[in-house]
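Please keep the sequence and the coordinates at hand while reading.

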Amino acid sequence: MKIKYLLNLVVLFAGIVYSPLQAQVQFHVSPKGSNSGNGTEQSPFRNLEQALGEAYKTKGDVTIVLHEATYRLAAPLVFTPKGGGAMEKSLTIRSCPGEKVVISGSAVLENLQWKPYKNGILQTQVSGSPIMDMLVVNGEVRHQARYPNYDANAIRFNGTAEDAIAPARVKTWKNPAGGYLHVMHAHDWGDFHYRITGKDKSGNISTEGGWQNNRQSGWHKSNRMVENIFEELDVPGEWFYNADKSTLYYYPPEGEDVNAAVFESPQIKHLIEVRGSKDNPVRNITFEGLDLTQTLRTFMEKYEPLLRSDWMIYRGAAVFFEGAENCALKNCNIYDVGGNAVFFSNYNRNCEVSGSYLTRIGASAVCFVGDPDAVRSPSFEYSQFVSPKDIDRTVGPKTDNYPAYCRVHDNLIHKIGVYEKQITGVELSMSRAITVSHNSIYDTPRAGINISEGTWGGHVLEFNDVFNTVKETGDHGSFNSWGRDRFWHPNGRVMDSLVASCPELILADAIETTIIRNNRFRCDRGWDIDLDDGSTNYHIYNNLCLNGGLKLREGFYRVVENNILINNTFHRHIWFKNNGAVFIRNIVMNPYEQTSGYDLRGALIDGNIFTDSLSYNFAQKTGTDSNSIVSKLKFVDPASGDFRVSATSTAIFRTGFQNFDMNSFGVVSSRLKAVAEKPKMPTPLFAADKTDSKTITWESVQIKNLETLGERSATGMDSERGVYVVAVSAYGTELRDYLKSNDVILGFAGKPVNSLDDLRNAVAGADLKKPQQMIIYRNQKENHVTIPAGIIHENVKSD
């Protein structure tokens, strides 16, 4: 195994004081250079180590220019501080203009002697005992032997099957140890990953893993996939490596010449690490114009919970910053990396990722994650909480060990989450005042932008174009957030009591308002904007929502104004008392979606523009929108994405609604604009004949088919099925002891219930003089309840 242009460095740089009048020094590096070169363009250094050594000794700003080559790393480039000073010099490492510079974590597999194995499969010995976690052939990632086979059009994991680990299949595997099992969450809230350690005689596998999701609610029954199983090597493009025999088995695609092909395999998890601290930071390093590629997959590494969000995360990436100030990644390309692309961990200030193209990323694209020890009274799982009497009442963080005042600007991010599904384009957790602007983010298995909790707010999300999201998961949106902060409690009554007695706790963590403005969102499998559990202290305005509408669940102090909700509406889910919600001057095209049993009026819901009288009347029945209007409207040119309201729609402008720019979404640099895609533009539906969903009353219980995304999210269901309990009368029925609003009836008398018709038939066929079993979905799990004889007296009527 030969590694060309080997770089194995720990670089001590930053902290040398210099005079502002000193000139910038430039050093050149090229594989065509020599060890005796002086670093000029005419006599370049042969390797980066020489250039960095000279940079360290030089006073003044330094630029290291890398000339065209693939520079292969045996270990990450690590930058640490040497000292401190009020004005330290800067270091820029960049490509020579017009030349392609690749920093790779792969080794080239050389001297491969291919020979036939069987059925079109070839085999070869591999020398040097490399890590064989990914295989790249002529620049394309090949798939490990897997079941089911790779399908580019399949929704999850590019193909899943219920029988992936069925005993009958497992028995056909001679030795599956070292294989992987990938499983979606039971409710599509991300995924789990396991390493197979063996099997028993009955065909049951043993595994280790499953720590990659912070909501341990079980596996999806059918969305499962296995890989790295020798017996599943059966289609072109697959491979398997037998480490014990140092043998690579490969089924080449038709027409591929394996003897002329370049075979590579990543050997390291990180390419670049900038490691400092608040007290001793690394300052003023910029990486520019580089291609960064081929790192190991990280889904089996140590993960940690992001407080009480649904997430676990690996604190690492191809490019990793910790303890950095004024450091940047600019105009780079990151692709074919096995885990996260860029990660800002703990203390970072005034850093940025800009002008870069991130694609084919194994996990998340850009992450900002602070130190949990900086959080007051933290909890680390949905059902965990600190006792109210023990909560720290001090406002804000305990320390400064978190990212703040950083920027993610003008980046093209797509085709991410290749291996992991609980991921996002830009992740913000335990951080403050991060600006996310002019990014194009699409083709993601989950949210495009995610905020895991309120700590500590102050973010600005603006002019982003986020679409084709939530492609492999469910129950969230193109933008997703949680806010399970100190004030939040899994028991709503406890939370109501806590915030009533200590309202100052509401903003104890979300200390600054997060602004979401001038973005374009489209989600076809969720909400365009989804503020989930507890999301607090947001100002959301001038956003174009193309399909999924906007949702507020729990939380406090959200101001939503001057947004356009195309073919959708405002979703109100589980609102707490005195939540301070404001929803004004928004264009709404469907009736509000809402969860029953809560006061959904907020502080002010009024002055909105409805496009049909049904939606308007429905809103007024809930006690809101007394000054809202119904108006016909015309958009300027919706087919081309111009959803400004025509000047002829004068009634709309009298509400105070204002048009906003429709031409500034997404990336701005010419090289990225040339390749960035745009969302599909919807045709506005101005329907005058919309009808209410059928709700019927049975035993003083209002029920209906569970049929909307809002009802699914409110209940936590995995799909739109079952009978949704809208409301339960406090009088007139003993079923009040067994059913609650927001329950979903999934079974009765031993029969599955997927609809009102199913319930009607099950009740009609049951002996109601005997106790009957009912399956109820509540608190995100199935509950088997025995309904005593004589409680139910009537059949379910037809609507």
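A residue is called buried when its relative accessible area is under 20%. The model is predicted, and that cut-off is applied to its side chains below.

Side chains of opposite charge can pair when their charged atoms come close. The structure holds 42 salt bridges. One of them joins the side chains of D188 and R712, with 3.7 Å from N to O. This pair links distant parts of the chain, the two residues being 524 residues apart. D188 sits in the loop between β14 (180-185) and β15 (191-199), while R712 belongs to helix α7, residues 709-715. D188 and R712 are both buried.

A further salt bridge connects E472 with K421, and here the closest N and O atoms are 3.2 Å apart. Both partners lie in loops: E472 between β42 (465-467) and β43 (477-481), K421 between β36 (412-416) and β37 (426-429). They are 51 residues apart, and the pair again links distant parts of the chain. E472 counts as buried because its relative accessibility is 12%. K421 also counts as buried, because its value is 1%.

D743 and R778 form another salt bridge, whose closest N and O atoms are 2.6 Å apart. D743 is in the loop between β63 (723-728) and β64 (744-748), and R778 is in strand β66, residues 772-778. This pair, too, links distant parts of the chain, at 35 residues apart. With a relative accessibility of 1%, D743 therefore counts as buried. Salt bridges can also share partners, and in this way R215, D310, R484, D530, D532, D533, K551, R553 and E554 are joined into one network.

The model has 6 cavities of 30 Å³ or more. The largest cavity contains about 150 Å³ of space. Its lining consists of 19 residues, of which R308, S377, S379, D485 and R486 are the closest to the centre. Sorted by class, the lining of the largest cavity comprises 9 nonpolar, 4 polar and 6 charged residues.

The second largest cavity has a volume of about 100 Å³. It is lined by 15 residues, and those nearest its centre are Y303, M312, E420, Q422 and I423. Strands β15 and β26 (312-313) each supply at least two residues of this lining. By class, the lining of the second largest cavity has 7 nonpolar, 6 polar and 2 charged residues.

Methods
Residues numbered from 1 in each chain as written. Predicted model: local features only at pLDDT ≥ 70, side-chain atom pairs only at ≥ 80, totals over all residues. Heavy atoms only, no water. Salt bridge = Lys/Arg side-chain N within 4 Å of Asp/Glu carboxyl O. Helix = DSSP H or I, 4+ residues; strand = E, 2+ residues; numbered from the N terminus. Buried < 20%, exposed > 50% of the residue type's maximum accessible area, 1.4 Å probe, protein only. 1 Å grid on protein atoms, 1.4 Å probe; cavity = no way out; pocket = protein on both sides within 12 Å on 5 of 7 lines; lining within 4 Å. Points joined across faces, edges and corners; volume = space filled by probe spheres on them. Nonpolar A, V, L, I, M, F, W, Y, C, P; charged D, E, K, R; others polar.
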